[in-house]
Amino acid sequence: MFKNKTYQLVLLGVAGLMLHGCGIPDLAVKKPDSQLPDSFKPALTQKTNTAKIQWKTFFDDPNLLSLIDTAVANNKEVNIMLQRISVAQNEIQARRGEYLPFVNFGAGAGGDKTADFTRNGAVEDNLNIKPGQAFPTFLGDYQFGLISTWEVDIWKKLRNATKVAMLEYMASIEGKNFLVTNLVAEVAHSYYELVALDNQLENLEQNIAIQKNGLEVVKELQMYARSTTLAVKRYDAEVTKNQSKRYEIKQQIIEAENRINFLLGRTPQPIKRTSAGFMDIKPKMVDAGIPSQLLQNRPDIRQAELEMSAADLNIQVARANFYPSFAIKAGVGFQAFDLKYLINTPESLAAMVVGDLVAPVINKNAIIAQYKNANAQQIQAAFEYEQSIVKAYAEVANQLANIDNLGNNYQLKKKQVDYLVQSIDISSQLFKSARADYLDILLTQRDALDAKKELIETKQKQIIAMVDLYKSLGGGWQ
């Protein structure tokens with residue numbers, strides 16, 4: 001460990017390699033294109049953005065808010081991501097400690113016998129440890145003390161590696177925010193699907209009641225020979241068919257409830273919800289803001305940007321491997337050939353200082369490959385950043401158009417339902433007066449049922465489009 005009362009300075013390597021002749025491959029760094037269109041629509045220039053609104057304010061249904069609260073706290077994927085964030089945070093501490101001096105305490109014991117016909121053996125034969133005391137045949141070596149090692153970060157390799165860890169930590173936080181955004185939207189999707197299924201079931205029950213009433217009318221008319229057995233059987237078949245659909249919807253309700261329970265990280269149980277008034281819900285007006293705000297609000301874009309910055313710094317870290325590294329090693333302690341002399345001062349006091357300057361000269365394939373990989377990863381990160389921007393813009397543009405088209409679609413379907421409801425009453429009156437066939441009533445009722453079903457689905461799509469636009473703008477993670 002130490003040499004008695006000696007100070008050594010060892011310099012290894014070729015200083016000329018520090019700036020020239022390192023054999024570094026050409027650097028190809030891709031600059032990302034983060035340009036967005038000036039506006040989603042020519043008239044859309046407002047600076048407000050719904051994405052900045054917290055989901056607790058954006059959603060009005062208290063039952064949905066309670067479910068989202070539970071999901072954000074208990075969702076397994078969110079909890080897994082939190083542990084990944086903790087790992088990334090610990091990595092910062094580890095990287096930061098690499099460019100600080102290390103101080104260790106060490107102790108050792110050993111011994112050796114030197115051959116007589118060697119230089120050291122000849123020296124020992126002709127010298128005494130003390131006057132009248134020759135070297136022992138088996139010479140011990142006992143030592144203890146402090147040893148410090150420090151790699152001088154000349155090229156900022158270690159400091160840049162620490163910055164990389166910090167950027168990756170920040171990217172992991174944005175990844176968690178993006179996960180929360182998707183989780184909030186997914187819970188809202190499933191909740192409104194569940195509410196829509198409740199309304200589908202209610203609509204089916206109302207239709208069954210109407211058809212049962214019509215069946216009784218047909219049976220009564222049959223008694224007076226104004227109807228036939230065929231009409232009764234067709235009505236019976238239609239009622240039975242709709243009754244069977246009731247169980248299909250109930251199964252869909254159970255699956256929707258369990259999907260929500262899974263998102264909430266809990267076992268299957270009933271979901272408290274507000275189904276009444278679903279058809280009266282008016283989707284909120286969502287302010288899309290200006291496209292450049294996507295770069296600020298979308299967690300996935302910010303995550304991609306941070307990862308691109310980390311990849312850019314990784315190139316500098318890889319480049320520094322071509323340059324000489326300078327390390328200092330120092331130690332102070334006690335060393336003696338016998339335990340009884342170990343703590344004698346100053347005779348057994350030992351110290352050491354060593355400086356190492358090392359640079360790669362031959363067989364740099366591993367370093368070159370690492371550098372090329374860092375270069376390729378930076379280009380990949382830049383493309384992923386651009387892709388996330390293009391994807392975000394497409395999602396927002398699609399949802400803005402979807403909301404407009406669904407609004408027009410809903411108004412027309414509502415008129416269709418109103419006309420068919422009126423047609424049911426008219427066809428029933430015509431049938432009673434023998435001016436219409438029973439098939440007219442059945443087909444009208446069937447069309448009205450399908451139209452109401454489509455109207456409920458359109459209302460669901462309207463609300464889901466509102467939620468999806470909120471998510472596409474980057475809302476829901478605050």
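**Exercise 1. Find how the axes of helix H5 and helix H8 are arranged**.

Solution. Start with the axes, which are lines fitted to C-alpha atoms over the stretch in contact. The axes of H5 (residues 157–223) and H8 (residues 299–320) come within 8 Å and cross at roughly 165 degrees. Angles run from 0 to 180 degrees between N-to-C directions. Over 145 degrees counts as roughly antiparallel, so H5 is roughly antiparallel to H8. Now sort the contact by class: 12 nonpolar, 8 polar and 7 charged residues. Here Asp, Glu, Lys and Arg count as charged.

This is a predicted model, where local features need pLDDT of at least 70 and side-chain atom pairs count only at pLDDT 80 or more, while totals for chains, interfaces and linings use all residues. Residues are numbered from 1 along each chain, and side-chain values use heavy atoms, without hydrogens and water.

**Exercise 2. Describe the surroundings of Arg-159**.

Solution. The relative accessible area of Arg-159 is 34%. Buried means under 20% and exposed over 50%, with a 1.4 Å probe and protein chains only, so Arg-159 is partly exposed. Then list contacts, meaning heavy atoms within 4.5 Å. Beyond four places in sequence, Arg-159 touches Tyr-99 and Asp-153. Arg-159 and Tyr-99 are 60 residues apart in sequence, yet 7.1 Å apart in space, C-alpha to C-alpha.

Technical notes: Helices (H or I, at least four residues) and strands (E, at least two) are DSSP runs, numbered from the N terminus. Angles under 35 degrees count as roughly parallel, over 145 as roughly antiparallel, 65 to 115 as roughly perpendicular and the rest as oblique.
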